[in-house]
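I set out to record what I looked up in this structure, entry by entry. The notes follow the order in which I worked.

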Amino acid sequence: MRLSKIHLPGRTGSFILIMGAALVYGLLNAYSNRLLLPSAPFIALRPQVALPFFLGFLCGPWVGFLTGFLGNVIGDVLCDYGVWHFWNWHIANGLYGLIPGLGSRLGLQEIRTLRRFVIMESVVVATNIIAVACAVLADLLWIRIMQLPQSLTSWILPALITNTVLTFVLVPLLLLAARMIVVTVETRITLALSWLMVSIVIITATAVTGAVWNDLDSPAASVRAFYSAGIVTVLVVSAGFLIAVFLAYRITDPITNLQAAARRIEAGEYHPSELALLAARSDEFGQLSGIMQRMAEKIEGRENRLRHQVTELKIEIDRAKQDRDVREIVESDYFKDLRQKAREFRTHSEDERSTTREDDTDEQDESRRL
Amino acid sequence: MSKIISIHSFRGGTGKSNTTANLAVSMAQRGLRVCVVDTDIQSPGIHVLFQLDPADMGFSLNDFLWGKCEIEQTAREVFSEGSSGAVFLIPSSMQTGDIARVLKFGYDIQLLREGFVHIISALALDVLLIDTHPGLNEETLMSIALSDVLLVILRPDSQDYQGTAVTVEVARQIEVPAMYLLMNKVPDRFDRTETMERAREAFRCPVIGVLPHSDDMMALASDGIFVERYPDHPLSREMAVIAQQILE
């Protein structure tokens, strides 16, 4: 069954969507402070951060921006931080929706190829970095609450890493649910492999850090533990993603090539050298390409033969037989007699036909006049 | 100056009767007075195209040839256009006895000729079209001998080539003043100009047209005249060009 993409709301619908999403985002922000990552005691685990990303990709930059921005305002108000105290983080959260919204203009309305999937994940990572960088810059220039480099190492980098990993994993899932990611062989393999990698790493890291949690004797030791776990996570997830992309590419690239070749065969524009490289592979794709190559050659041969019939319209006449047949007729007495009569008719017919015709027309004219 | 035109094909199934009927209507649409004579006594069919009821046909060409009636009594108007354009039809007899008699004794050429001359003047005809019998029998040779123009129809089919070559040569020996080939039912995969050129070389005879194998025409089959129903169809326009060239 073919499922259609979810229906996008109009102007009023967008307003309701933004308000609803911002409220959800704010409430989750306010109450997720209790959910702490074992390895980073000062950092809230905030899976809801994927929400503005998702709405940005799905509904465009403004819906994404307002969801993130208003959601953060609501969260801060509920936590008694004051409405505008951390305004730089309102903007950072707004950017979480705005940048993916702009990114969807890069042809991301429908993700069905590996290329677009990689672009989407790159937008997710880049958005995390840009948003946090903007917030830090605004603090340095105007707010001046942070104390560098302590703030950076104690909570900004951990927050960045946590959010990046979370959005990297969750945003594709939400997009898949909204059918913006179309399940093709390429996206299926990439999703499955990258998810496998990420889950293994997160489960291992959580288990290991959880096991040594009680042995950590100071906040400094916790931070160090977080860093080890975090850096390993980022490295392995990155490596895993690259491997997934590479594997997916190895599998889907021949399919894409075969598809393109088939399309050109259909259009009659196929060139035999196209599949040569692919046919040299020893695996199943090589065999399939070989079959297609031979098939294309046969089709071309058949088409050429058909096309040549145009010029090969041969009118073959057995001249000897023709002469015999003609002689048999023209040498008969009947024919000679007929030819003689025909000659006589022709010599007379001219005047005869024209005179009778004239007489006749005269008569007819006469009768018409009468 | 009126013209007698024989339309012939060596084998059956070339679309000869259909082409004859369409050429006749095409000429009448240009204001000419045309009479179609069906001499294809062994398998007469052109009256079907003009939707003439066999039971209601009255006198036929055979009745005239055997002195049962005057030639004028055999012709009936089957199509008219404007003030002058008209097609008359002289049908062939459908009686089995008549058919056997013609096969046995043939026609009297002198009488046939007198009949033609007479009907031309009686109906003030511009054109007399003779739908001949396939093959090269005596009646066919007679029709060709009486004609000013011979139009030979063939299909791009090896079986048509040999017989057509013989027909063309025999017609040349009988000194018919003008002769044209018309290739009919030509599949799309053949290039038309090329086909025309090759036929002209092979038969040493001008080719007046190459008509495609038309599904539209096939759909109408032998139920009505194509150029009458679809006067603006490309095929009808081509038919008009052929009609004009024959008469020039």
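**Entry 1: H2 and H6 of chain A**

I began with a helix pair and found that H2(A) and H6(A) cross in a right-handed sense. The model is predicted, and I read every value below accordingly. For this pair I noted an angle of about 45 degrees, with the axes 9 Å apart. Angles of 65 to 115 degrees would count as roughly perpendicular and those under 35 as roughly parallel; H2(A) and H6(A) are therefore oblique to each other.

I then listed the residues that make the contact. H2(A) contributes Ala50(A), Phe53(A), Phe54(A) and Phe57(A), and H6(A) contributes Leu166(A), Thr167(A), Leu170(A), Val171(A), Leu174(A) and Leu175(A). Sorted by class, the contact of H2(A) with H6(A) comprises 9 nonpolar residues, 1 polar residue and no charged ones.

I next asked how many residues of H2(A), which spans 50–59, are buried. The count is 10 of 10, and the helix is mostly covered. Among the buried residues I recorded Leu51(A), Pro52(A), Leu55(A), Gly56(A), Leu58(A) and Cys59(A). The cover over the buried residues of H2(A) includes H1, H3, H4 (87–103), H5 (114–143) and H6 (150–177) of chain A. Directly after H2(A) comes Gly60(A), with a positive phi near 105 degrees.

I also checked a residue from a loop against this helix. Gln109(A) sits in the loop between H4 and H5 of chain A. Its C-alpha is 7.8 Å from that of Phe57(A), although 52 residues separate Gln109(A) and Phe57(A) in sequence. Is Gln109(A) buried or exposed? Gln109(A) has 12 other C-beta atoms within 10 Å and so counts as exposed.

**Entry 2: H1 and H3 of chain A**

H1 (11–31) and H3 (61–78) of chain A pack at about 40 degrees, with their axes 7 Å apart. That angle makes H1(A) oblique to H3(A). The crossing of H1(A) and H3(A) is right-handed.

From H1(A), the residues in the contact include Ser14(A), Leu17(A), Ala21(A), Tyr25(A) and Asn29(A). From H3(A), they include Val63(A), Leu66(A), Leu70(A), Gly71(A), Ile74(A) and Leu78(A).

Chain A has 12 helices and 2 strands, and its elements run α-β-β-α-α-α-α-α-α-α-α-α-α-α along the sequence. Of its 370 residues, 29% count as buried. In chain A, 74% of contacts between residues at least 6 apart in sequence join residues at least 24 apart.

Chain B has 11 helices and 8 strands. Its 248 residues are 54% buried. In chain B, 76% of contacts between residues at least 6 apart in sequence join residues at least 24 apart.

**Entry 3: nonpolar cores**

I looked up the largest nonpolar core, which holds 83 residues. Those touching the most other members are Ala24(B), Val34(B), Cys35(B), Val36(B), Val87(B), Leu128(B) and Leu129(B). I followed Val34(B) beyond its neighbours within four places in sequence: its contacts include Ala24(B), Met27(B), Val87(B), Leu125(B), Asp126(B) and Leu129(B). A second, separate core has 54 residues, among them Phe57(A), Val73(A), Ile161(A) and Ala229(A).

**Entry 4: where the chains meet**

I counted 31 residues of chain A in contact with 33 residues of chain B. On the chain A side, H10 (284–311), H11 (319–330) and H12 (333–369) each supply at least two residues. The largest share, 16 residues, comes from H12(A). By class, the side of chain A that touches chain B has 13 nonpolar, 7 polar and 11 charged residues.

**Entry 5: positive phi in chain B**

Ala124(B) has a positive phi near 50 degrees and lies in the loop between H5 (109–122) and S5 (127–131) of chain B. Ala124(B) counts as partly exposed, with 14 C-beta neighbours inside 10 Å. Lys185(B) has a positive phi of about 55 degrees and belongs to strand S7 (178–186) of chain B. With 18 other C-beta atoms within 10 Å, Lys185(B) is partly exposed.

How values were computed
Residues are numbered from 1 along each chain as its sequence is written. Chains are lettered from A and ligands numbered from 1 in the order in which they are written. This is a predicted model: local features need pLDDT of at least 70, side-chain atom pairs count only at pLDDT 80 or more; totals for chains, interfaces and linings use all residues. Axes are lines fitted to C-alpha atoms, for helices over the stretch in contact, and angles run from 0 to 180 degrees between N-to-C directions. Helices (H or I, at least four residues) and strands (E, at least two) are DSSP runs, numbered from the N terminus. Angles under 35 degrees count as roughly parallel, over 145 as roughly antiparallel, 65 to 115 as roughly perpendicular and the rest as oblique. A crossing is left-handed if the near helix is turned anticlockwise from the far one by less than a right angle, and right-handed if clockwise. Two residues are in contact if their C-beta atoms, placed from the backbone, lie within 7 Å. A residue is buried if 20 or more other C-beta atoms lie within 10 Å of its own, exposed if 12 or fewer, and partly exposed in between; C-beta atoms are placed from the backbone. A nonpolar core is a set of buried Ala, Val, Leu, Ile, Met, Phe, Trp, Tyr and Cys residues joined through C-beta atoms within 7 Å. Ala, Val, Leu, Ile, Met, Phe, Trp, Tyr, Cys and Pro count as nonpolar, Asp, Glu, Lys and Arg as charged, and the others, Gly among them, as polar.
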